[in-house]
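Subject: Structure handover

Hi,

Here is the structure I promised to pass on. My notes on what turned up in it follow below.

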Amino acid sequence: MTSSPIAPPCAEFPLHALAYLHERLIPEQFAVESQIRHRPADAIKRSVYGQDDETHGVPGDGLEIPFFDIDGNPMLGLDGSHFKVFRIFDTRSAKQLPEGAKPVRFMVAPGSGYRPYLPFGLKPLADNNPPLLVITEGPIKGACAVAAGIACIGVCGVTLWMHPESHQPGTEITIETAVHPEIVALAAKIGRVVVLADSDAKTNDSVRD
């Protein structure tokens, strides 16, 4: 089985960003309708750290992934701004990274908290009596699933399914910990939930928990 060719660069995405989406089975049009867009490193820096920041750097360009609720309204972060995640294309070589450091993959604005990613197209899938709701790690995997017709929510980390307004940072996560209301609402609507962990569930205690 051969892969279909990658489309040439367009106004929305440069070639390397298109290749990234293509490898993850996210159609370009789906990304456009999701309002995902390519952003240069300096624009990401301003969005994450503010217009006047001169301290931080962003090691590459990336994709801006805005979050919306099930009805398509902007989902606000704890800081009151439209919550966004940036998928960074870290351009540093292994030799340029600090010892023991990994390339930067995702960035969010400090103080914005976290939200679940409800991909574009999830609402009609959820309204069509799907057999299950998948919860996985990462907005990109969530978008890939919904683009393929699977009702799916992407959480930004293995513990970030919580309700950020009710969970106090540093407190223990238990069976009583409040789940984000958007996840609760969809889980109740669909009735069956499957948590699809990353492959490191075999070795990562946080993922298994």
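What is the mean pLDDT of the protein, and what percentage of its residues reach 70 or more? The mean is 88, and 94% of the residues get to 70 or above, where pLDDT is the predictor's confidence in each residue on a scale from 0 to 100. This is a predicted model, in which local features need pLDDT of at least 70 and side-chain atom pairs count only at pLDDT 80 or more, while totals for chains, interfaces and linings use all residues. Residues are numbered from 1 along each chain as its sequence is written, and side-chain values use heavy atoms, with hydrogens and water left out.

One stretch to treat with care is residues 1-10, where pLDDT stays under 50. The model has 14 contacts for that stretch beyond four places in sequence, a contact being heavy atoms within 4.5 Å. Where pLDDT is low, the predicted coordinates should not be read in detail.

**The antiparallel sheet**

Four strands make an open sheet in the order 1-2-3-4, with antiparallel pairing. Helices (H or I, at least four residues) and strands (E, at least two) are DSSP runs numbered from the N terminus, and two strands pair if DSSP finds at least two bridges between them. Strand 1 (37-39) and strand 4 (106-107) are the edges, each pairing on one side only.

Going across the sheet:

- Strand 1 and strand 2 (residues 62-66) are joined by three bridges, and His38 stands opposite Leu63.
- Strand 2 and strand 3 share five bridges, with Gly62 opposite Ile88.
- Strand 3 and strand 4 pair over two bridges, with Phe86 facing Met107.

Strand 3 is largely enclosed by the rest of the structure, because four of its five residues are buried. Buried here means under 20% relative accessible area, exposed means over 50%, and partly exposed is in between (1.4 Å probe, protein chains only).

**Helix 1 on the sheet**

Helix 1 (residues 15-23) lies across strand 1, strand 2 and strand 3 (84-88), at about 55 degrees to strand 2. For that angle, axes are lines fitted to C-alpha atoms, for helices over the stretch in contact, and angles run from 0 to 180 degrees between N-to-C directions. Its buried residues are Ala17, Leu18, Ala19, Tyr20 and Leu21. The buried part of helix 1 packs against helix 2 (28-33), strand 1, strand 2, strand 3 and helix 5 (139-147). Just past the end of helix 1, Leu25 has a positive phi of about 60 degrees.

Strand 5 (residues 133-137) and strand 6 run parallel and are joined by four bridges; Val134 stands opposite Cys152. With helix 5, these two strands make a right-handed β-α-β unit. Right-handed means that, with the strands pointing away from the viewer, the path from the first strand over the helix to the second runs clockwise. In strand 6 (residues 152-155), Cys152 and Gly154 point one way, Ile153 and Val155 point the other way, and all are buried.

Helix 5 has Pro139, Ile140, Gly142, Ala143, Ala145 and Val146 as its buried residues. Lys141 is also in helix 5, but it counts as partly exposed because its relative accessibility is 39%. Leaving aside neighbours within four places in sequence, Lys141 is in contact with Thr136 and Asp198. A polar atom of the Lys141 side chain lies 3.2 Å from the backbone oxygen of Glu137. Just after helix 5, Gly149 takes a positive phi of about 90 degrees.

**Loops and one more helix residue**

Which two loop residues other than glycine have positive phi? Gln35, at about 65 degrees, is in the loop between helix 2 and strand 1, and is partly exposed at 47% relative accessible area. Asn129, with phi near 55 degrees, sits in the loop between helix 4 (122-127) and strand 5, and counts as exposed at 68%.

Lastly, Asp42 is in helix 3 (residues 41-49) and is partly exposed, with a relative accessible area of 46%. Asp42 and Pro66 are 24 residues apart along the chain, and their C-alpha atoms are separated by 18 Å.

Cheers

How values were computed. Polar contact = N/O pair within 3.5 Å; in protein donor to acceptor, adjacent residues only side chain to side chain.
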